[in-house]
Amino acid sequence: MKKFISRILIFTFPVILIWLGTEIMLRKVDYAVSKKAVYFENHKSEIKILALGSSHFERGINPMFLDWPTLNLGNSGQRINENYDLYKHFIKQLPQLELVIVELSYDWLERDKSLTPAIIDHENLIYYDTNTFDRRVMPWDYSLYLSDSDYYSKILLDKLKGKTESGYNSFGFDTLRYFGYYQSVGYKNEKIEDQEIFVQNAEDSAQFQKNVQVFKNLIKDCRNRGISVLIFNTPNHFRYNELRDPEIVSRRDSLENALLSEFAGLKILDLENNTDFTAKYFYNADHLNPKGAEKATRILNEYISEHFSMTK
C-alpha cells in the first residue's frame with residue numbers, strides 16, 4: 001500500500017507543479033477581466049456607472065468615451081443571471097453609483113445556464129470574487145486553464161513566442177480588436193455571406209419568463225437604492241437583424257413595452273436598427289469593432305447627458 005501511494009505521489013507531484021506553473025504564467029497575462037478588476041480597485045470610490053451585459057457590451061461600450069467613471073462588466077456569453085450576481089457583489093462597494101446600464105438584446109433572456117461558457121464563471125470567481133456557478137465552489141474552479149484548456153493553451157503558446165501585445169485600455173476594453181469577418185471582406189456588404197453570420201436564435205420561452213423575473217429584480221433593487229436604470233442595446237448589422245427569428249424579436253419587444261409601463265421613468269436606448277452603423281463599424285454581424293464602439297459610446301454618452309441628472 002505504501003509503495004502504491006508513493007507511486008501515485010511520484011506521478012502526481014510533477015503534474016501538480018506543471019499545473020501550478022501554468023496558472024502562474026496565465027495570471028501574468030492581461031485579460032479584459034483582469035484589467036477591469038484593477039480599474040475597480042483603483043476607482044471604486046468614484047465609479048458612477050455600472051454596465052451589465054454580454055459580449056455586446058464588452059465590445060460595444062468603451063468607457064473612455066463616457067464622461068463619468070464607468071465599470072463595464074460585459075463579458076462574452078454572460079447572461080442576465082451572472083450579471084445580477086455580479087451586481088449584488090459590486091453594489092456594496094460602489095458608494096457613488098448613480099446609473100446601471102443593462103443589456104436587453106435579441107435573445108439574451110432566452111438563454112439558460114448551458115449557454116454560459118465555463119470560462120465566465122471561473123473568471124468571475126478568480127477576478128471578481130463572485131460565485132456565478134449556480135453551485136458550491138470547488139477547488140478547481142479557481143483554475144483558469146481548466147476552464148478552457150484550448151483557449152489558454154493558445155495564450156501560453158503566444159506568450160512563449162513573445163506575442164504579448166495587449167490592446168486593453170485601463171477600462172478593460174480591447175482597442176485592437178478589428179480583424180473579424182467584416183474586415184476580412186473589406187467591409188463590403190455584397191461580399192458578406194449569410195452563412196458567415198451567426199444568429200444563435202436561442203428560443204426558450206420558459207427560460208425567458210424566469211430571466212424576466214431576474215431582470216425585474218435588478219431594476220427593483222436599483223430603484224430601492226435610488227439608482228437609475230438604462231436599458232441599452234448596441235447596433236447590429238442590418239443583415240443580422242433580417243436573419244433573426246421574428247417570434248423572439250416580438251417577445252423581447254413586448255417585454256420592453258411592458259417594462260416601460262411597469263417602471264415609470266425607465267429609459268431605453270435601442271441602437272439595434274440604427275442604419276448609421278454601416279459595415280465598417282462591425283467586427284462581425286452583431287459585434288462592433290473599436291471604431292464602432294467609439295461611435296456607439298459617444299451616442300450613449302450624449303443620451304445620458306440629456307436624460308439623467310448625473311453628477312460629475
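An open sheet of five strands has the order 2-1-3-4-5, and its pairing is parallel. Strands here are DSSP runs of E with at least two residues, numbered from the N terminus. Two strands pair if DSSP finds at least two bridges between them. The edges are strand 2 (70-72) and strand 5 (267-270), each of which pairs on one side only. On average, neighbouring strands of this sheet are turned by 20° against each other, direction ignored. Axes are lines fitted to C-alpha atoms, and angles run from 0 to 180 degrees between N-to-C directions.

The model is predicted: local features need pLDDT of at least 70, side-chain atom pairs count only at pLDDT 80 or more, and totals for chains, interfaces and linings use all residues. Residues are numbered from 1 along each chain as its sequence is written, and side-chain values use heavy atoms, with hydrogens and water left out.

Strand 4 (residues 228-233) runs parallel to strand 5, and four bridges join them. Ile 231 stands opposite Ile 268 in strand 5. Helix 10 (residues 246-262) lies across strand 4 and strand 5. Its direction is at about 150° to strand 5. Helices are DSSP runs of H or I with at least four residues; contact means heavy atoms within 4.5 Å, and a helix axis is fitted over the stretch in contact.

One cavity of 30 Å³ or more was counted. A cavity is a set of points on a 1 Å grid, over the protein atoms alone, where a 1.4 Å probe fits but cannot get out. The largest cavity holds about 40 Å³ of space, the volume being that filled by probe spheres set on the points. Its lining consists of His 56, Ser 105, Tyr 106, Thr 234, Asn 236, Tyr 240 and Glu 272; lining residues have an atom within 4 Å of a point.

Technical notes
On a 1 Å grid over the protein atoms alone, a cavity is a set of points where a 1.4 Å probe fits but cannot get out, and a pocket is an open set with protein on both sides within 12 Å along at least five of seven lines; lining residues have an atom within 4 Å of a point.
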